Every structure is written in structure tokens, then in C-alpha cells.
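Subject: Handing over the structure

Dear colleague,

I am passing on the structure we spoke about, with some notes on what turned up in it.

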Amino acid sequence: MTFPDFDSMEEDFLEQVKGRDIDLVVCSDAEAILGIGDQGVGGIGIATAKSAIYTLLAGMDPSKTLSVTLDVGTDNEDLLNDPLYVGWPHKRIRGEEYDQFIDKFVQLVRKYTPHSLLHFEDFGVTNAYRLLDKYRDQHACFNDDVQGTGAVTLACVMSALGVTKSKLADQRFVIYGAGSAGLGIARQLRDGVATTNNLSIEEANKRFYLLDKFGLIKESLGAEKIRDAVREFTRPDQEWEGVPTNEKGEVGLLEVVKKVKPTVLIGCSTHAGAFTEEIIREMAKGTDRPIILPLSNPSRLHEVKPQDANDWTNGKALIATGSPFPPIKQPNGKEYIVGECNNALIYPGLGFGAMISRSRALTDSMIVAGTQRLAELSPALKDPDDALLPDFGDSPAVNLEVAIAVAEQAIEEGSAGVDWKKEEVRGKAKGKQWKPLYGQYEYDPNGEQ
């Protein structure tokens, strides 16, 4: 869908969906593709790949998926200056024109594929949250960068708490990096705290400390440095009186760790080595089993190497990473399996569960239900030296369990559009999975000529 063809968008959309029963629409404006940034119309590769993962890991019928690039221009100068660029060679549109273009597309999805899941992928951080908040009550919407990353991280934390035998509401969370992923993680963890402990959002927010390029997000940073999306996590200045700052009055990660004594430290900053030995050792002073999640991708951008985090905590840390790492050696000589905190362990199941239940929305409680089911499958619950999350090789079976939990919750809360009992969900889910099974043909020399 290209901005200059705004007036013919409905005709173009119908050309793709006519005669098809669409269950999944994956769209991207490709402004913020992980690791490579603005790719303009090249974002179709991301949308197509996400659709394929739904098929591979959840059993979504590929004939019922639609991948869409929303071509609103690009700010990538290399693409703009490339005579072979196939997209619209124009700077990205913003503001009201952008909103009108996106809204027209979403309304077409709602009109012609009313029971589909609309998956937003790789939108810029500001648009990602704004669009999700705008449309999630109108249609079953999901943003993997915001909700998927947060959901798998929440499952990872829940698994770790199963090892430490502590409660989610008793944790102190420090999140280093407050971009799309970091804020998504904060919100999902916050929602988990509120939902599982019957707390208000405001009360749950008090357990979180977010840092971005200006250090700790606190009141004195001012409106220019505090984005609207992170404002609810702003810390009051009186908490930090007497705490050392830099010359700009900003509070750094080490000082936050010293004061807060976090039980959970999460990195999604792409700042390699940010979790220094001093920071990790300081954290270990304040909790028996530090939960350390360096989630930046790729592995060269991790905030700390798992082996270092293990060594600096004398083997006490519970660790998961955003990229695969080999097992690490503990001080006692045993191996510790490093779990991979990969969205693909959960988002296909979240989407498939919403789709099979024909839910009017993918609610926070449905996401938490799927997250809890994933956490229950943690190998670490049987062996604390094992991974906090299931092996990626088990992801099809894991996503089926997530989908079942999501659909059961949708039925329980009245969001579902199907007339099933909860006891029927497992059988219905298995029956709706697409399997790549093909007939076997044999050559018959006497067959029809």
C-alpha cells in the first residue's frame, strides 16, 4: 500500500483479499527494523517472514495470511538516492497525513477481515505505542515489538521467580534502555504485576526504574527529555536527593543499582558491556538470586556476557539472553543452561489463540494467561541449573500451549466470538492447525494418457 495511491487503497486491498478468508494481517511501515533501521518498502520481507513464523510455529494456514508494507516513504538516504529503489522515493510523511493513511488501511482490515488478527511490526517507537493504543479496542491488534518482547520477558521473570519462590509484586525492576522494546517490557511486566496481584496500574508502576540516554527517567529531566510514552514511569525527584549525578544532573545506572537494589536487571539498550563488573557485583549485594536479562541483539551488543554475569555473582545469577549462548560453567563445575528470551516462543501462540477464539480484542489478561502458560513450561522449575525458558526447538508445541491458554481466557472473560466451552479448546485448537501434509503420488504407466 503506497501513500500516493491513497485514493485507490480500497480497490488495491480488495484485489488481494477477494475470495479469501483472511485470519492474519501482518503490516509494517518498516521505520525501525531491528538492527537495520528504516528499510522503506523493503519491509515487505519482514512482514512476510513474520507471517511464515505464524505458520511454522503455530499452525496458521498460510493461504489465510496477508503480508502488507505500508509505504509512506523513507528517511534512508541510501534508498532515496538509489535509482533501483522500487518504493516511493520520498521522505517519510508524518502527522495528520500519516494518521489518515494508516487509519484508512486499518478500517479496510476491520471492514473486510473482521475476525482477523492485525499484527503491527517494526513501526517507529512513537507510532508503535500510539497506533496500538488507538486501535486495540476496535480490533484484535498485536504489536510484537511492544507486546511480544514484553510477554516473553514476563514469562522469563515468572520462571525465575518459580526458582526463587518469590512474588512478582515483591520485585524491583531496573530496565536499561527505554525504547520500543524496553518500554514494551516495562508495560508488560507492570501489567503482570497488576493483574496477578490485583493492584492498580499506578501502584504497580512504583516497582519500575527506567533509564534511557538521559539516565534515570525522573521529573527534573523536563518535558523535552521525557517522552509521553514513558511519562507514567517517571520517578519523583525527592527520591534521588543526595544521589550523585553527572554534570548534567543525570543519574546513571550504577547509582540506580546502588540505591534501588534491584532484584531484576534488564538490558535492551544495544550498549555492549553496559552491565559492568561493578554494577553486577553491586546488584548481587542486594539480592540472593539476581535475575539478569541482557536482551539486546545481536550477541555482540549484549549488556553483559552470561559467563561474566555468572562469575561476578558467584554462580547465583538467573540469566536469559536475547540471542543464543552456549552453556556456561558455574563455580562448582556444573553447567548452567542460558535460556533464549525469544519472542517466537510466544507471539505465534498469542495470535493463534486470539484467531481461533475469534476474539474481538487481544486483551492484557489474555496475554498474561499465555505468558503464565509459557512460564509453567520452564525447564528451570525442575532443575534450577536448566534454562528459564523452553528450548527454541520445542516452540511449535510451546506455542500451541500458549494459544490454548489465550483462547481459554478469551472464553472465560467473554472476549471470544465462538460458542465453545473451555474444556473444548484444546481439541478445537489442534483441529484448526494447518499441517504441511501432501499426498503421495505414484507413476502409473497404464494411467490416463
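Predicted model: local features only at pLDDT ≥ 70, side-chain atom pairs only at ≥ 80, totals over all residues.

Asn198 counts as exposed, because its relative accessible area is 74%.

**Backbone**

Asn198 is found in the loop between H7 and helix H8 (201-205), and its phi is near 55 degrees, which is a positive value in a residue other than glycine. Ala30 is another residue, not a glycine, with a positive phi, in this case near 60 degrees, and its place is in the loop between E1 and H2. Ala30 is buried, because its relative accessibility is 0%. As background, most residues other than glycine have a negative phi, and most peptide bonds are trans. With that in mind, please look also at the peptide bond from Asn297 to Pro298, which is cis, with omega near -10 degrees; Pro298 lies in the loop between strand E9 (291-294) and helix H11 (306-312).

**The largest pocket**

The largest pocket has a volume of about 1,100 Å³, and its lining is made up of 40 residues, of which Leu34, Asp145, Thr149, Ala181 and Asn297 lie nearest the centre. The elements that contribute two or more residues to this lining are helix H2 (44-58), helix H6 (144-164) and helix H7 (180-197), and H6 gives the most, with five residues. Sorted by class, the lining of the largest pocket holds 18 nonpolar, 14 polar and eight charged residues.

Asp23 is placed in the loop between helix H1 (9-17) and strand E1 (24-28). Asp23 is buried and yet has no salt bridge, and the nearest side chain of opposite charge, that of Lys64, is 4.3 Å away. A salt bridge would need a side-chain nitrogen of Lys or Arg within 4 Å of a carboxyl oxygen of Asp or Glu. If the neighbours within four places in sequence are left aside, Asp23 is in contact with Met60, Lys64, Ser116, Leu117, Met355 and Arg358.

**Salt bridges**

Asp75 lies in the loop between strand E2 (65-69) and helix H3 (77-80), while Arg94 lies in the loop between H3 and helix H4 (95-112), so the pair ties together parts that are 19 residues apart in sequence. Asp75 counts as partly exposed, because its relative accessibility is 31%, and Arg94 is likewise partly exposed, with a relative accessible area of 42%.

In another pair, the side chains of Lys225 and Glu250 meet in a salt bridge, at 3.8 Å from N to O. Both Lys225 and Glu250 lie in the loop between strand E7 (215-216) and helix H9 (253-260), and the pair therefore ties together parts that are 25 residues apart in sequence. Lys225 is partly exposed, at a relative accessible area of 29%, whereas Glu250, at 10% relative accessibility, counts as buried.

The remaining pair to be described is that of Arg426 and Glu401, whose side chains meet in a salt bridge at 2.8 Å from N to O. This pair links distant parts of the chain, with Arg426 in helix H15 (residues 425-432) and Glu401 in helix H14 (residues 395-413), 25 residues apart. Arg426 counts as partly exposed at 35% relative accessibility, while Glu401 is buried, with a relative accessible area of 18%.

Beyond these pairs, salt bridges that share partners join Asp133, Arg187, Arg190, Asp191 and Glu232 into one network.

**Packing around H5**

In helix H5 (residues 125-135), the buried residues are Asn127, Ala128, Tyr129, Leu131, Leu132 and Tyr135. These buried residues of H5 pack against H4, strand E3 (117-120), strand E4 (141-143), H6 and H7.

With best regards

Terms used
Residues numbered from 1 in each chain as written. Heavy atoms only, no water. 1 Å grid on protein atoms, 1.4 Å probe; cavity = no way out; pocket = protein on both sides within 12 Å on 5 of 7 lines; lining within 4 Å. Points joined across faces, edges and corners; volume = space filled by probe spheres on them. Helix = DSSP H or I, 4+ residues; strand = E, 2+ residues; numbered from the N terminus. Nonpolar A, V, L, I, M, F, W, Y, C, P; charged D, E, K, R; others polar. Buried < 20%, exposed > 50% of the residue type's maximum accessible area, 1.4 Å probe, protein only. Lys, Arg positive; Asp, Glu negative; His and termini not counted. Contact = heavy atoms within 4.5 Å.
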